[in-house]
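Please load the model in your viewer and keep the selection tool at hand. The stops below say what to select next and what is found there.

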Amino acid sequence: MNELLLNAQRARFGQSSEKKAYVMPAGQQLRLFDEAETEQAHKAPEPTEETITVAAHKRKPKRTMDELTAELPVEEILIELPKEDLICDKCGGTFVMIGKKFVNQEIQVIPRRCKLVKYYSCTYACKSCEEKTGYAHIIHTVTPPALMKHSLASASTVADVMTRKYVDGLPLARQEKIWAREGIQLSRATLANWVIQTSQAWLKPLYRQMKKHLLNCCVVHADETVVQVLKEEGKPATSESRMWVYASNDRSGKPVRFFEYQPNRSGKHAAAFLKGFSGCLVTDGYSGYNQVDGVTRCGCWAHMRRKWREAMPKEATKENSKAAVGYDYCNKLFALERKFSEMSDGARKTARQVKVEPLLDAYWWWLEKLEPVPGSKLAEAVTYAKNQKPYLNAFLDHGEVDISNNFAENAIRPFVVGRKGWLFCDSPKGADSSAIVYTLVETAKANGLDPYRYLERTLTELPYLGKNPKQEYLDAFMPWSSAMHRVCTLPAADHSAGVL
């Protein structure tokens with residue numbers, strides 16, 4: 001009961017970061033009231049100006065105005081005198097501007113503007129043909145293909161709706177009110193219809209092509225989370241369905257974040273999706289992934305460390321808590337992996353066998369000696385470690401594999417955050433369409449593209465290719481293609497700089 005209460009308090013009030021500095025700082029709980037007595041040293045020499053040293057540190061520079069506004073268009077406004085004030089009150093002459101002085105600058109916001117675009121096809125007739133034969137030769141111009149027939153939807157409006165919901169987390173009900181404030185009455189049912197029809201008609205071929213690229217990677221990360229679908233056949237509205245996510249790691253060179261809706265959590269869905277994949281599959285401890293054939297299953301050390309964290313009592317140290325010892329082993333492993341992050345696959349495999357394997361041998365030897373109380377969190381952590389041992393050790397033989405499943409967890413986080421706003425999907429087709437759009441926008445973000453520009457570009461160009469475009473045409477729309485990067489790349493940002 002104490003463990004349950006402690007973990008409930010951690011989940012509600014504690015630090016969400018798993019960094020060791022927030023969990024077990026220096027292995028000790030700071031003492032506030034007896035610091036003078038415990039730290040006293042009678043023989044310690046008095047410091048002098050020559051012996052005092054300050055640890056070197058580099059403060060993050062504040063971002064300058066020029067850096068902050070580098071990507072914005074500039075408009076200069078001259079505050080000039082009116083003509084009647086240009087008469088000199090001393091001699092009656094005329095003032096002439098001889099210079100200007102910069103005073104201040106500000107960022108102005110221009111609200112979104114909507115306009116109705118009407119396309120007309122022009123008709124042309126050849127008068128010469130009519131004079132010679134009595135019949136005019138008539139031709140017509142071809143208008144751009146419509147995104148949706150008999151609809152006001154355009155590539156820009158649908159891309160805006162999708163970006164607001166799936167990137168910014170704005171439910172369609174709130175977007176309906178935003179459109180109303182701008183003088184356009186669009187119901188949420190209309191907005192939902194735009195999303196579903198365009199994603200199913202135009203984006204789905206691109207979605208399937210991304211799956212092919214993902215399955216050609218040598219490493220795939222997998223995870224899943226809950227989604228509620230109201231009108232699912234044979235299930236009550238309150239039942240839980242699943243959104244699965246599959247992600248390639250950064251070493252692939254072509255990051256993919258692929259979402260797939262399924263009615264339940266059965267491992268057969270992962271097995272069906274990954275059919276034909278023969279690389280390394282990185283997952284959490286869910287046993288359903290054992291149904292996937294032909295892959296090398298790899299475990300997640302972040303989940304293992306989390307188990308030790310949950311078993312640690314208050315003020316835990318390596319001296320008074322076995323869980324803290326396990327937690328420290330995991331921290332040492334992650335510290336070594338950070339040093340190997342920039343290595344090639346082969347070099348990282350060699351470094352792991354030299355430096356990491358001895359650490360893991362000591363870890364498993366220590367684990368076998370533990371005799372936890374049955375039913376405790378410590379027993380749960382020990383059982384998890386023993387059951388996952390072959391998967392947790394698999395990364396030693398594969399330099400291309402990361403030691404945690406954070407790629408999949410980070411990929412699914414935008415979906416989880418957005419779910420807090422829109423709460424549920426109305427129908428399976430809506431859930432499937434959400435999976436398609438999340439795949440495109442998250443893959444675009446992983447490749448450094450602006451999600452809105454990417455969606456607008458694809459929805460503008462794909463209708464020209466028809467319902468079943470060829471594979472080579474679809475490759476030009478992949479988020480890592482040079483064509484997309486020329487028009488959809490996000491503005492450069494210096495993430496090392498501080499805030500203004």
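Select Arg306, which at 23% relative accessibility counts as partly exposed, a class that lies between buried (under 20% relative accessible area) and exposed (over 50%), computed with a 1.4 Å probe and protein chains only. Arg306 forms a salt bridge with Glu409, and the closest N and O atoms are 3.6 Å apart; a salt bridge here is a side-chain nitrogen of Lys or Arg within 4 Å of a carboxyl oxygen of Asp or Glu. This pair links distant parts of the chain, with Arg306 in helix H10 and Glu409 in helix H14, 103 residues apart. Helices (H or I, at least four residues) and strands (E, at least two) are DSSP runs, numbered from the N terminus. Glu409, at 16% relative accessibility, counts as buried.

**What kind of model this is**

Before going on, note that this is a predicted model, in which local features need pLDDT of at least 70 and side-chain atom pairs count only at pLDDT 80 or more, whereas totals for chains, interfaces and linings use all residues. Residues are numbered from 1 along each chain as its sequence is written, and side-chain values use heavy atoms, with hydrogens and water left out.

Colour the chain by pLDDT, the predictor's confidence in each residue, from 0 to 100. The mean pLDDT of the protein is 86, and 87% of its residues reach 70 or more. Over residues 26-36 the pLDDT is below 50, and beyond near neighbours in sequence this stretch has six contacts in the model, a contact meaning heavy atoms within 4.5 Å. Residues 493-500 also have a pLDDT below 50, with 14 contacts beyond near neighbours in sequence. Where pLDDT is low, the predicted coordinates should not be read in detail.

**The whole chain**

Now show the cartoon, in which the protein has 18 helices and seven strands. Of the 500 residues in the protein, buried residues make up 39%. Among the contacts with a separation of 6 or more, 67% are between residues 24 or more positions apart. The accessible surface comes to about 31500 Å², of which 54% belongs to carbon and sulfur atoms; accessible areas come from the Shrake-Rupley method with a 1.4 Å probe, and for residues only the protein chains shown count as cover.

**Helix H12**

Next, which residue forms a salt bridge with Asp345? The partner is Arg251, with the closest N and O atoms 2.6 Å apart. The pair links distant parts of the chain, since Asp345 is in helix H12 and Arg251 is in the loop between strand E4 (241-247) and strand E5 (257-262), 94 residues apart. Asp345 counts as partly exposed at 32% relative accessibility, and Arg251 likewise counts as partly exposed, at 30%.

Select Lys445 and Glu442, which form a salt bridge whose closest N and O atoms are 3.1 Å apart. The two residues are separated by about one helical turn, because they are three residues apart in helix H15. Elsewhere, salt bridges that share partners join Arg112, Asp160, Arg164 and Glu182 into one network. By the cut-off used here, the count comes to 23 salt bridges.

**Two loop residues with positive phi**

Move to His150, in the loop between strand E2 (137-140) and helix H6 (155-166). Phi of His150 is near 55 degrees, a positive value in a residue other than glycine, and His150 is exposed, with a relative accessible area of 87%. Then select Leu423, in the loop between helix H14 (406-422) and helix H15 (428-446), where phi is near 70 degrees, again positive in a residue other than glycine.
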